[in-house]
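Morning, everyone. I have one structure to walk through today. Let me put it on the screen.

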Amino acid sequence: SHEKKALFIIFGGTGDLAKRKLYPSLFRLFRKGSINKHFAVIGTARREWSDDYFREVVTDSIQSLKPSQQELADFISHFYYQSHNVNDTEEYKILGNLANELDSTYELEGNRLFYLAMAPRFFGTISKHIKSEKIMTEHGFSRLVIEKPFGTDFETAQQLNSEIAAVFNEDQIFRIDHYLGKEMIQNISAVRFGNNIFESLWNHRYIDNVQITLAEDLGVEERGGYYDQSGALKDMVQNHILQVVALLAMEPPTLFSEEAIRTEKITALKAIRVYNDQEVKENFVRGQYVAGKTADTNYKEEPGVDENSQTETFVAGKLMIDNFRWAGVPFYIRTGKRLSEKGTRINIVFKSTPINVFREADTSHKDLPDNILTIYIQPTEGFSLTLNGKEVGDGFNIDPVKLNYRHSQENLDNSPEAYEKLLLDCLKGDATNFTHWDEVANSWKIVDTVRETWDKETTDIPTYPAGSMGPHCAFDLLEKDNRQWVWEP
Ligand code: NAD
C-alpha cells in the first residue's frame with residue numbers, strides 16, 4: 001500500500017493557513033489513500049478548544065471538497081486538539097504524552113511531522129522544546145515544516161536558522177515555498193531537460209534575454225500590516241522569483257534527484273552578480289500603487305499601512321549571471337500588486353538569426369520578430385512558442401505564428417494543489433521542492449544589497465496607477481537596453 005504513516009503536529013492549528021490550506025490538503029491525501037488508517041493530527045494553539053469543536057472547524061474547512069458522510073466521519077476521527085502556549089514548558093509535556101498515546105493507538109511507528117503554521121518568531125522556542133521535552137522520536141522520522149518568511153534579511157535568517165539547526169538536521173527541515181509546489185514551476189525542468197531542441201539552445205549564444213513576471217491584480221487586501229513591513233522585494237523576489245531564476249539558470253543536474261538539483265540551484269544562485277549601490281540604482285526600480293482604473297484607493301490609505309509609507313508594491317530588476325552559460329544575458333524580473341492582470345509567466349526570448357535575409361522582401365517588419373518560448377504558470381498553465389512563417393499571398397512578408405498549448409481546466413481540476421504535493425513530499429522525505437538553507441542565504445544576500453541602497457534614498461518612491469503594469473521606470477529599464485517586456489494575453 002502507498003499509505004504513509006505519520007503524526008502531524010500542527011502548531012497554529014486554529015490559524016488561517018491551517019484552515020485554508022493544510023486541512024483541505026490532508027483531506028485530499030486521505031481521499032487518495034496517501035494517508036489512511038495510520039495517521040493522526042494534533043492541532044495546537046492558544047485557544048481552549050475541545051476535540052469536538054476542532055473537528056467541526058476541520059469539517060467546515062473541507063466543505064468545498066464535498067466529502068461523503070462516511071469519508072468525513074472517518075477523516076475527522078483522526079483529529080485531536082491540545083491547547084498550548086508555545087512558551088510554556090509544562091504544556092509540551094502534555095503534548096508529548098498525547099503524541100505518544102496517538103502513536104500507539106494508530107501505530108504510527110514514531111513518524112512525526114511538526115508543521116509550524118505560526119509566526120517565525122516562535123520557531124526557535126518551539127524547536128527547542130520539541131527536543132528538550134523529547135517530542136522528537138528516536139525511531140521513525142521527525143521532520144520540521146516551516147513557512148515563509150524565513151527571516152527579514154540575511155542576518156535574521158541566519159539567526160532563525162541557527163535556532164532550528166540546533167535541533168533539526170538540514171535534511172529534517174522542510175522550508176515551504178508554495179511556488180515550488182506548482183505544476184508549471186516543476187514543469188520548467190521538464191521543458192529544459194526533456195527537450196534537446198531547447199536545452200541545446202539554452203545559453204548566451206542563442207538566448208537574448210529571459211523575463212519573469214509575477215503579476216497580481218489585487219492590492220494588499222487584509223495583509224496591509226504585514227506587507228508594509230515587508231514590501232515586494234522581500235515578499236516575492238527573495239523567495240519565489242529567485243527560485244524560478246535558479247531553476248531556469250542552473251546547469252543540467254546529472255540526475256533528476258533532490259541532491260543533484262539542489263547543488264545546481266545553489267551554484268546558479270551564487271553566480272548571480274551582487275550589485276554595489278550605483279549598480280542597484282541602474283538595475284533595480286520600484287513603485288507603489290495609487291488609485292487608478294481598477295481601484296480607487298492609494299496604497300498609503302490601505303488598512304494597516306503607514307500613511308507615509310515608502311514600501312514598494314512593485315519591483316523590477318535586471319539580474320546578471322556571471323558564468324559561461326549566461327554571460328551577457330539579462331534576466332529581467334518584475335512583480336507587483338494591482339497590476340493590469342493576474343498572471344505569472346516566463347518568457348525566453350531567443351536571439352535573431354545572424355542576418356535577416358528577408359530585409360528587402362518583407363515590407364511588414366524591419367527586423368525579424370523574436371522567437372519566444374513562454375511558460376505560463378498561472379492562472380492558465382501551459383506554454384507557447386512563437387515561430388516565424390511566411391504570410392500567405394504575394395510578396396514575402398514574415399508572419400509570426402504562435403504554437404500554443406494550455407492544460408485543460410479538467411486536467412487542472414484533477415491535479416493536486418501545491419500544498420497537497422508539498423505535504424506528500426514531506427511524508428516521503430523528498431525535499432526537491434523545498435528551499436535549502438544555502439539557497440535562502442544566497443537569496444537574502446542578493447536582496448539585502450538592493451534593500452540597503454533603497455533605504456538610503458531620500459526621494460519619494462515612484463508611483464503607478466492601479467490597473468497598469470507598473471511605473472515608467474520599469475519600462476525604461478528595458479528600453480535603455482533596446483528591449484521591451486513581452487506581455488500578451
Ligand atoms: P494566523 O494568525 O491566522 O494563525 C497563527 C496561529 O498561531 C493561530 O492558530 C494562533 O492561535 C497561534 N498562536 C499565536 N501565538 C501563539 C502562542 N503564543 N502560543 C500558541 N499558539 C499561538 O496566521 P497564518 O496566516 O495561519 O500564518 C501562519 C504562518 O504561515 C505565518 O508565518 C505566515 O507568514 C505563514 N504563511 C501564511 C500563509 C497564508 O496563506 N495564511 C501563506 C504563506 C505563509
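Start with the nonpolar surface patch. Leu-387, Val-401 and Leu-403 make it, and its area is about 230 Å². Keep in mind that this is a predicted model. Take Val-401 as the example. Val-401 sits in strand 14, residues 398–406. Its relative accessible area is 38%, so Val-401 counts as partly exposed.

Now the charged surface. Lys-19, Arg-46, Arg-47 and Arg-121 gather there in a patch of positive charge. Where is Arg-121 placed? In the loop between strand 4 (112–116) and helix 5 (123–132). Is Arg-121 buried or exposed? Exposed, because its relative accessible area is 66%.

Next, the annotation. UniProt, in an unreviewed entry, places "domain: Glucose-6-phosphate dehydrogenase NAD-binding" at residues 9–187. In the model, that span is 44% helix and 16% strand. Its end C-alpha atoms lie 31 Å apart.

On to the backbone. Most peptide bonds are trans, and most residues other than glycine have a negative phi. Here are some exceptions.

The bond from Lys-148 to Pro-149 is cis, with omega near 0 degrees. Pro-149 is in the loop between strand 5 (142–146) and helix 6 (154–165). The bond from Gln-378 to Pro-379 is also cis. Pro-379 is in the loop joining strand 12 (372–378) and strand 13 (382–390).

Now phi. Lys-66 has a positive phi of about 50 degrees. Lys-66 lies between helix 2 (51–61) and helix 3 (69–76), in the loop. At 68% relative accessibility, Lys-66 is exposed. Glu-221 also has a positive phi of about 50 degrees. Glu-221 is partly exposed, at 35%.

Note on methods: Residues are numbered from 1 along each chain as its sequence is written. This is a predicted model: local features need pLDDT of at least 70, side-chain atom pairs count only at pLDDT 80 or more; totals for chains, interfaces and linings use all residues. Side-chain values use heavy atoms; hydrogens and water are left out. Patches are made of residues with over 30% relative accessible area and no salt bridge: like charges are joined within 9 Å, nonpolar side chains (Val, Leu, Ile, Met, Phe, Trp, Tyr) within 5 Å. Accessible areas come from the Shrake-Rupley method with a 1.4 Å probe; for residues, only the protein chains shown count as cover. A salt bridge is a side-chain nitrogen of Lys or Arg within 4 Å of a carboxyl oxygen of Asp or Glu. Lys and Arg count as positive and Asp and Glu as negative; His and the chain ends are not counted. The place of a charge is taken as NZ of Lys, CZ of Arg, CG of Asp or CD of Glu. Helices (H or I, at least four residues) and strands (E, at least two) are DSSP runs, numbered from the N terminus. Buried means under 20% relative accessible area, exposed over 50%, partly exposed in between (1.4 Å probe, protein chains only). UniProt positions are given in the numbering used here, feature names are shortened, and annotations may be inferred rather than shown by experiment.
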